[in-house]
Amino acid sequence: MRILMVAAEYAPLAKAGGLGDMVAALAGALAARGHEVKVVLPLYGDIDRERHGLAPCPQLPPFAVRRGDAVRRCRFWRATAAAGPDVLLLENEGLFGRAGVYGYAEAGEFADTLPRLALLAQGALTATVMLDWAPDVIHVHDAAAALAAVDLACWSRTGTPLAATRTLLTIHNLAHQSLHPRWEFPGLDLPTRLAWHPGEMEFHGGLNLMKAGILLSDRVNTVSPTYAHEVTLDEDLGCGLAGVLRDRGAAFSGILNGMDRTAWDPATDRCLPANYSARAPAGKTACRTALLRELGLEDGGPVLVSVGRLAHQKGIDLLLPLVDGLVDEGWRLAVLGTGEPALEQALRGAAAARPGRVAFAPRFDEALSRRFYAGADAFVMPSRFEPCGLAQLYALRYGTPPVVRRTGGLADTVADAAGPDGVGFVFDEATPASLGAALARAIEAWREPDRWGSLVRRGMDADHGWAAPAAAYEDLYRSLEGT
Ligand code: ADP
């Protein structure tokens, strides 16, 4: 099949979270299964063109597109890797030339988000026409790319390569819907009915790209079966769109993400001071010693780490009231993450209060994240909601049992140690007490090396690769044929 993916992230070129990993891994898995896959993303100003082997794409000469009153001059760059998906990066200095994928709306950054997303969508569709390449499916990821499906639903496409193309929207996080004031609507050049009640893009008097994507894509899915249930049943998790998703009925489903088992493999990971595997685990001890040294932590107890965005969603605040008790019990704690200033400040305070026992690395650093996954004994992910979560899969693969809340993809990927297939520790309530009880069970298990060893091995052996999810996406694409 011919598949065009449109996304704001694509690892390792541009990554702000799990979305970038997922798009790259799925595109790669589908290409490896013999499909013709192209990916379009913006050429952000901080993408290192030389390091990633990017060059202007000769088949796509510079072009200009018009939307509303704006005319934008663009050019496509291409990643020159011989195998895998064809990755096209859309250059436009004014909109994409700066560093960063999203910017913090709260800080007034990226006030031109809507024009940026509109250009990404238009650029992606224009590329297919310029290449005379007719995709069977345009697979758009999250609200940031949803406009490509919306445009396609609204534009006349008879006689273009897109005449028979179908669309799939994958929701990676329903909490990020790309909301915009209605006065921006004329700039989109879309039919007026979309923006007025009960139009597909209208949302409480403003514009909602996720809602429009959900209603105007041929199919919609999200990244785990449990999250797919939760967002239709629980109005809070549905973030105002539970009813809209329910209305899509069988056209909305959940497919659990996989992880790239080659890119994330402790046996070959070059960022680690030593390599190891489930069968030859010795290197993990060296990774642990090195991480403790790197973070200035004293040895003497299990090392509990967290890697993730410091956001309310991730529930790291549930850990804060437990810090003193955990340290007294013997835990060493380390957090790698950036995000909400109040959480950063609280974590700085915790590290300053318990030197040698608590460490905080307030930065985004993938190599360091790999040393965290490898060097820790246990991983904590107390998310209030979690569409899929990749961090717990990396922790499992690196032999670091996760302690997670039973929600979304965490519920679908982490079986509790109490059962025969257990790989981690699962708790139910989003409270410090419930998290604390799970951590108490974890340290008890850690004190029994045989029991802990089999838990670690089961987690490392679990197959969360892309073979099954890629086949599920293939089935979903095929189900669109002829609809
Ligand atoms: P989300 O997409 O909601 O942020 P996921 O668990 O799906 O959560 O994916 C998070 C990804 O981002 C993982 O690859 C994780 O290792 C990475 N990540 C998060 N924070 C950091 C950080 N501070 N430094 C390096 N990598 C990070």
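Author: Helices (H or I, at least four residues) and strands (E, at least two) are DSSP runs, numbered from the N terminus. The model here is predicted, so local features need pLDDT of at least 70 and side-chain atom pairs 80 or more, whereas totals for chains, interfaces and linings use all residues. Residues are numbered from 1 along each chain as its sequence is written, and side-chain values use heavy atoms, without hydrogens and water.

Reader: Which element gives the largest share of the lining of the second largest pocket?

Author: A pocket is an open set of points on a 1 Å grid, with protein on both sides within 12 Å along at least five of seven lines, and lining residues have an atom within 4 Å of a point. The second largest pocket holds about 350 Å³ of space, and among its 15 lining residues Pro281, Lys284, Gly399, Trp452 and Val456 are the closest to its centre. Helix H9 (282–295) and helix H16 (449–461) each give two or more residues to this lining, with H16 supplying the largest share, six residues.

Reader: Where is Glu9 found, and what is the nearest side chain of opposite charge?

Author: Glu9 is found in the loop between strand S1 (2–6) and helix H1 (18–32). Glu9 is buried (under 20% relative accessible area, 1.4 Å probe) yet has no salt bridge (a Lys or Arg side-chain nitrogen within 4 Å of an Asp or Glu carboxyl oxygen), the nearest side chain of opposite charge, Lys15, being 7.6 Å away.

Reader: Which backbone nitrogens does the side chain of Glu9 reach?

Author: The Glu9 side chain reaches the backbone nitrogen of Ala16 at 2.8 Å and that of Gly17 at 3.1 Å.

Technical notes. Buried < 20%, exposed > 50% of the residue type's maximum accessible area, 1.4 Å probe, protein only. Lys, Arg positive; Asp, Glu negative; His and termini not counted. Polar contact = N/O pair within 3.5 Å; in protein donor to acceptor, adjacent residues only side chain to side chain. 1 Å grid on protein atoms, 1.4 Å probe; cavity = no way out; pocket = protein on both sides within 12 Å on 5 of 7 lines; lining within 4 Å. Points joined across faces, edges and corners; volume = space filled by probe spheres on them.
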